[in-house]
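Please look over the sequence and the model before reading on.

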Amino acid sequence: MGRVGPVAAGESSGSVVRRILLGSQLRRLRDSRGITREAAGYSIRASESKISRMELGRVSFKARDVEDLLTLYGVTDEVERDSLLGLAREANVAGWWHSFGDVLPGWFQTYIGLEGAASLIRIYEVQFVHGLLQTEGYAHAVVSRGMRGAPAAEIDRRVALRLERQKALVAERAPRFHAVLDEAALRRPYGGREVMREQLRHLIEMSEQPNVTLQVMPFSFGGHAGESGSFTMLRFPESDLSDIVYLEQLTSALYLDKAEEVAQYEKAMVRLHADSPGPEESRDLLRGLLQLS
């Protein structure tokens, strides 16, 4: 992959993962036959770039295109063909977030699907409290600040989307969530004194959830491994899918899965975990900030 520009959570979020898995399988089959993307595109009446987007899991799949590619790649075994065509059907299931398409950037839709399908989510955040941990009041303040002049209805829709994402953390099959929040994210005020107090109380409460580990990187530590800024690492239950690093930008995002790149972020994350105070001490830091607010 490298850089990839309310229903049952497993069904809707899994469609994104299945799209990526199918794309990687098609890429593997094409490479094993020594067929170029240009030739593959010609076989399905499409361009080389269309094949590239399919293999990156960035587009939906037409059953006819998958059938034609499997034939081109010499896949004649009916069991294998049926398995991959079934994957194509599942990959086209629309996620719950599609109903928020009017306020959701296309590049962020992929992330929501991946986040919902992950079994382990690890984040480092420096600008503000991570979206999965935000209260409604805090989220409203963050969205309003980032979308000055936007209609109130659009802001409310974006906040509703954020709150919908949070349901995954308390679901029956919730992912493990390990968050490192820089002290700067906790001291930067959004929404006024009472909003910040409510947010700090919520962080303390969420940090006690069995699937949530929350650490605070204090100013007193000085320079640390998160010097490049905020990032997210996602791990999936599917063994065929590698870890993905998500880097959000102002108007787009990067999805990294090259082993050497992921390894660098893994080192930074492990260092952040080791250098930050543990969960109980971090709760004490949160309580201290609450008393000061």
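The notes below cover a sheet, then a pair of helices.

This is a predicted model, where local features need pLDDT of at least 70, side-chain atom pairs count only at pLDDT 80 or more, and totals for chains, interfaces and linings use all residues. Residues are numbered from 1 along each chain as its sequence is written, and side-chain values use heavy atoms, with hydrogens and water left out. Helices (H or I, at least four residues) and strands (E, at least two) are DSSP runs, numbered from the N terminus.

**The sheet**
- Six strands form an open sheet in the order β3-β2-β1-β4-β5-β6, with mixed pairing; two strands pair if DSSP finds at least two bridges between them.
- β3 (212-217) and β6 (253-256) are the edge strands, each pairing on one side only.
- From one strand to the next, the twist averages 15°.
- β2 (residues 176-182) pairs with β3 in the parallel sense, over six bridges.
- Val-180 has Gln-215 in β3 as its bridge partner.

**A helix on the sheet**
- Helix α11 (residues 259-275) packs on the sheet and touches β1 (120-125), β2, β3, β4 (231-235), β5 (244-248) and β6; contact means heavy atoms within 4.5 Å.
- The direction of α11 makes about 105° with that of β4; axes are lines fitted to C-alpha atoms, for helices over the stretch in contact, and angles run from 0 to 180 degrees between N-to-C directions.

**Two helices together**
- The axes of α10 (residues 193-206) and α12 (residues 279-292) come within 10 Å and cross at roughly 160°.
- Arg-197, Leu-200, Arg-201, Leu-203 and Ile-204 in α10 meet Arg-283, Leu-286, Arg-287, Leu-289 and Leu-290 in α12.
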